[in-house]
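Here are some notes for a reader opening this entry for the first time.

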Amino acid sequence: DMINDTSVAQASASIALASDAASEAVFEHDVVRNLICRQARYPDIATPQDWYMALAYTVRDRMLARWAESVKNYALHHVKVACYLSAEFLIGPQLGCNLLNLGLEEEAREAMDSLGQDLDALLAIEEEPGLGNGGLGRLAACYLDSLASLEIPAIGYGIRYEFGIFDQDIVDGWQVERTDKWLKMGTPWEIIRPDIHYYVSFGGYTRMWNDEQGRLRVEWVPGRQVKGVAYDVPVQGYRVNTCNVLRLWKSEAVESFDFDDFNAGDYYEAVEEKVVSETLSKVLYPNDEPESGKRLRLAQQYFFVSCALQDMLRLMEVSHTPVERFADRFAAQLNDTHPSIAVAELMRLLIDERLLSWEDAWSITQRTFAYTNHTLLPEALETWSLPLMQSMLPRLVEIIFEINQRFLDEVRRALPGDEGSVARMSLIDEQGDKKVRMAHLATVGSHKVNGVAALHSDLLKQTILRDFAAMFPSRFLNVTNGVTPRRFIMQSNPGLARLLDDTLGEKWRTDLTRLDALADHADDATLQEAWRAVRRENKAKLAARIGNITGIAVPPEMMFDIQVKRIHEYKRQHLNALHIISLYQRLRRDPTLDVAPRCFIFGGKAAPGYDMAKLMIRLISGIAEVVNQDPATRDRLKVVFYPDFNVKNGHIIYPAADLSEQISTAGKEASGTGNMKFMMNGALTIGTLDGANVEIREQAGADNFFLFGMTAQQVAALQQSGYRPGHYLEANEALREALDEIAQGRFSRGDKAMFRPLLDNLLNADPFLVLADFADYAACQQRVSEAWRDEKRWARMSIINTARSGAFSSDRAIKEYCENIWQTRAVKIDLAAP
Ligand code: Z2T
């Protein structure tokens, strides 16, 4: 009571607002102050890294009061908070987007200019936190951006990996992985919260006992414990005061050494304990599929989920809310099955530690969780060996058994005598070595389950979760993915953003569906000219970058045909490659052939253990090596493998694309989100009816989309009836020639063995129907070439694609999550002094 509330509030508000004073002079002063007070450097000897840090802290300072105010509101005002649980958050570089969202870009540019520093050069210094593999992790980051921008109270919970996704070098055409040391210079974007920490148990055994009230209790006697410490990253909304938090957990040893009375043996044991404990959050698994049987991975999952749930329970206490109301205060989204052990962990916390009944705990758990599925690929569905889980998480397995027993009782009541359904739906796969099916755990423990594109959500109900969809039809829904227009238009394509402002006013910036009005001007000659100018500049920038990195000279007048994404057989980079070879052969045969000059650009990482994907990279490099040198074709054909594709490189790549390659085997790509980033930036899509391509085509109109290939139904039917790749080979000479030239060693410096595994796979199995779709793909590429020749038509189609991309804003997706799943609402954060 000694503290005068009003004066505290006034002080807080004045701190919040003072740093806001929209003056370049203040900004400049703050940068210099941070340079001296945080970096201990004077301007005359400061390195660009010092300036970057000083600038970053200056920007961060402008977020902190908003952050404190946002978090305070959530705690005190009993609002419902959306918690996004994800093993990955691929947030990308932070300085640029924070400047944009705070509206400080111009001020910062001018201030740095006065200090003799170029803002773009400083932006380029930032190491991005690569805390994700690809689409799934980037989606989580886009959703955090939208949640903050829509002023929805939200917390992201994840892992603070010391090493994120590896950096990719290309050496002699092969991928070489380098450790990602993103923390080596420190990061200004996290605030360590040593006071916010929890203990997480592993191993040991359970025992039953009776407490003083005579209740039967279960105690988990762990073999060891690990401490999780909160590292907070602020997530600033676009031009609003809301600043949410991404809370990442770092693992530490529980015991600090007691230097006073250690003996040598204890000391080394303690050191070892520390090493083992800190290993938990050491490195991101670089696969987009689960690696079977990796103890450390399961430990990571349980570690961050347990910390997150303990944190949520603590927040209930802070706000004096009884635990019974947990589901009214939190909605927890499971980003795929990686955090799905949360279902059992919340049960454990509520029953063992908060002493709730099973029924009450289960009701809370089901109302709290919802589950997003991101894949139908059978090899990507997560299971854990039961013995492994039993040894690591004995109490959780008991709880999973109990959940399963009660659930299967329900199944038996609904489907009497149908033991087939019981076996299929069980949380435990009893065939062979017993496994826990994490998708089943997530589905049973959630009140909503969603797929990530309309087609994907349908297929989910028809295939892997069909029994569940039949039993709980109202549990299933679709939420098509989205991407943030802040990062993927405003920040990375400022030229386009300006043109959109000039053409439409600024309303599109907070409501992307407003881009629709652009379609009315699609034939407008002045707009088309300005449109082309923006695109030309973006392409020139990418061409220059490619020149610097790879030494390949790319004329910006060529069509930029781009496929950037993880390298995977189902994504079919090799289909693209085969078509390039075939085009190359036609051009050699007929030098007068009238096709659009094209630059094919690839980028993407292969999982380190995925040999076929690595071979695909080698093939593309090999084609590039041959094609780019050949005087017969080099003016009309270029091939580039752009190394180390990541969020930062995406900024320069998406805005420069004329054509976006979305050519996965129908039914295999859950959604895709790169397809949306390309579309927003005015690229046309060549694609199959897969994932969100279906909806992209619906929005753009069939005339503005290059469609080819079999449908998901046709794919399934062909595979049912026995697919024979040889059949397609016999029918297509161009295809035979392309494969033959690979076999002859043309793209492997004469080595005929190098690509044998890839060729054998295509010729004998071709699991993703590359050969079956080749002819239609090549024919479609022909139509692309023809369309390119008509400049006005292409510009019109490009404008219409951007115009119709509003539906793919992550704001739309987040609004759907809020309304249909989370029941959360916006809360305005007010910073004005009382
Ligand atoms: C991933 O990025 C995706 C799915 C996964 O399934 C795992 C990872 Cl790491 C377990 C991708 C999908 O492949 C892609 O289609 C989708 O757009 C993206 O998730 C976001 O939903």
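**Notes on the model**

1. Helix α9 lies across β1 (81-85), β2 (154-159), β5, β8, β9 (243-253) and β10 (330-335). Its direction is at about 115° to β5. Please keep in mind that this is a predicted model.

2. The strands under α9 belong to an open sheet of 9 strands, in the order β5-β8-β9-β2-β1-β10-β11-β15-β16, with mixed pairing. At its edges are β5 (191-202) and β16 (476-478), each of which pairs on one side only. From one strand to the next the twist averages 25°.

3. At the β5 end of the order, β5 and β8 (residues 224-236) are antiparallel and share 9 bridges.

4. Strand β17 (residues 559-564) is joined to β20 by 2 bridges, and the two run parallel. D561 has L659 of β20 as its bridge partner.

5. Which residues have the most contacts inside the largest nonpolar core? They are C83, L144, A342, I620, I623 and V640, in a core of 219 residues. Helix α9 (residues 295-318) supplies the largest share of this core, with 10 residues. Another core, of 20 residues, lies apart from it and includes Y52, A56, A108 and L122.

6. Two residues show the surroundings in more detail. Beyond its neighbours within four places in sequence, I623 is in contact with A577, I580, I581, V639 and F747. V627, in helix α23 (residues 611-629), has contacts with Y584, T633, L637 and V639 when the neighbours within four places are likewise left aside.

7. Is V627 buried or exposed? V627 counts as buried because it has 23 C-beta neighbours inside 10 Å, where the cut-off for burial is 20 or more. For a sense of scale, V627 and R424 are 203 residues apart in sequence and 51 Å apart in space, C-alpha to C-alpha.

8. Helix α26 (residues 693-700) is mostly covered, with 7 of its 8 residues buried. These are N693, V694, E695, I696, R697, Q699 and A700. The buried residues pack against the helices α17 (454-462), α25 (674-680) and α32 (791-803), and against the strands β20 (659-662), β21 (684-687) and β22 (706-707). Just after α26, G701 takes a positive phi of about 90°.

9. The domain assignment gives domain 1 (1-77 + 98-127), domain 2 (79-92 + 132-162 + 188-378 + 442-484 + 811-834) and domain 3 (557-804). The C-alpha centres of domain 2 and domain 3 are 37 Å apart. Their contact takes 25 residues from domain 2 and 19 residues from domain 3.

10. On the domain 2 side of that contact, the elements giving two or more residues are α7 (135-149) and α17. α17 gives the most, with 4 residues. The residues on this side divide into 11 nonpolar, 12 polar and 2 charged.

Notes. Residues numbered from 1 in each chain as written. Predicted model: local features only at pLDDT ≥ 70, side-chain atom pairs only at ≥ 80, totals over all residues. Core = buried A, V, L, I, M, F, W, Y, C linked by C-beta atoms within 7 Å. Buried ≥ 20, exposed ≤ 12 C-beta atoms within 10 Å, placed from the backbone. Contact = placed C-beta atoms within 7 Å. Domains from an automatic or database assignment. Nonpolar A, V, L, I, M, F, W, Y, C, P; charged D, E, K, R; others polar. Pairing = 2+ DSSP bridges. Axes fitted to C-alpha atoms, helices over the stretch in contact; angles between N-to-C directions.
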